[in-house]
Amino acid sequence: GEKVMPKMNVFISQPMNGKKTEEIEYEREQFVKDLKKYLGEDINILDTIFHFAEDVPSLVYLGRSLEVLAKADLAVFMDGWENARGCRIERQAAKDYDIPTLELNGAWYPCT
């Protein structure tokens, strides 16, 4: 039979600082819709919204994110990523570990 290509695993790096979970989830949902139009429907979005039982330091979130990033075929950086320390570190890690990246500004154009 035909070989089915595994879906591309996409990691989304999203600035979250000072935002409520609902806001983050809503923004992400909208973003994923656009991303699927942009890249094609056949992608698997890796889950990077973690619900911890108690307040944990941001660095713990970042550690968890990097674990997920390790499974990615592509890392996509949402608008404002360069102002968010976690996103900057995720991008540096992606670059250093040869994971392709796509940096987007608000209007769905890759940053140049």
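This is a predicted model: local features need pLDDT of at least 70, side-chain atom pairs count only at pLDDT 80 or more; totals for chains, interfaces and linings use all residues.

User: OK, is Ser65 buried or exposed?

Analyst: Ser65 counts as buried, because its relative accessibility is 6%. The cut-offs are under 20% relative accessible area for buried, over 50% for exposed, and partly exposed in between (1.4 Å probe, protein chains only).

User: What does Ser65 touch?

Analyst: Not counting residues up to four places away in sequence, Ser65 touches Phe11, Phe50 and Glu90. Contact means heavy atoms within 4.5 Å.

User: How do α2 and α3 pack?

Analyst: Helix α2 (residues 58-69) and helix α3 (residues 85-96) pack at an angle of about 30°, and their axes are 10 Å apart. That makes α2 roughly parallel to α3. Angles under 35 degrees count as roughly parallel, over 145 as roughly antiparallel, 65 to 115 as roughly perpendicular and the rest as oblique. Axes are lines fitted to C-alpha atoms, for helices over the stretch in contact, and angles run from 0 to 180 degrees between N-to-C directions.

User: Which residues make the contact?

Analyst: On the α2 side they are Ser58, Leu62, Ser65, Leu66 and Leu69, and α3 brings Arg85, Gly86, Ile89, Glu90, Ala93 and Ala94. By class, the contact of α2 with α3 has six nonpolar, three polar and two charged residues. Here Ala, Val, Leu, Ile, Met, Phe, Trp, Tyr, Cys and Pro count as nonpolar, Asp, Glu, Lys and Arg as charged, and the others, Gly among them, as polar.

User: Switching topic: where does Gln14 lie?

Analyst: Gln14 sits in the loop between β1 (8-13) and α1 (21-39). Gln14 counts as buried because its relative accessibility is 5%.

User: Which polar atom of Ile24 lies 3.0 Å from the Gln14 side chain?

Analyst: The backbone oxygen of Ile24 is 3.0 Å from a polar atom of that side chain. The side chains of Gln14 and Arg28 are also joined, by a polar contact of 3.3 Å. A polar contact is a pair of N or O atoms within 3.5 Å; within protein, one must be able to donate a hydrogen and the other to accept it, and residues adjacent in sequence count only if both atoms are side-chain atoms.

User: And Glu25, what is it in contact with?

Analyst: Leaving aside neighbours within four places in sequence, Glu25 is in contact with Ile49 and His51. Glu25 and Ile49 are 24 residues apart in sequence and 8.1 Å apart in space, C-alpha to C-alpha. Glu25 is found in helix α1 and counts as partly exposed because its relative accessibility is 32%.

User: Ile99, then: buried or exposed?

Analyst: Ile99 counts as buried because its relative accessibility is 12%. Not counting residues up to four places away in sequence, Ile99 touches Leu69, Ala72, Asp73, Leu74, Ala75 and Ala94.

Notes. Residues are numbered from 1 along each chain as its sequence is written. Side-chain values use heavy atoms; hydrogens and water are left out. Helices (H or I, at least four residues) and strands (E, at least two) are DSSP runs, numbered from the N terminus.
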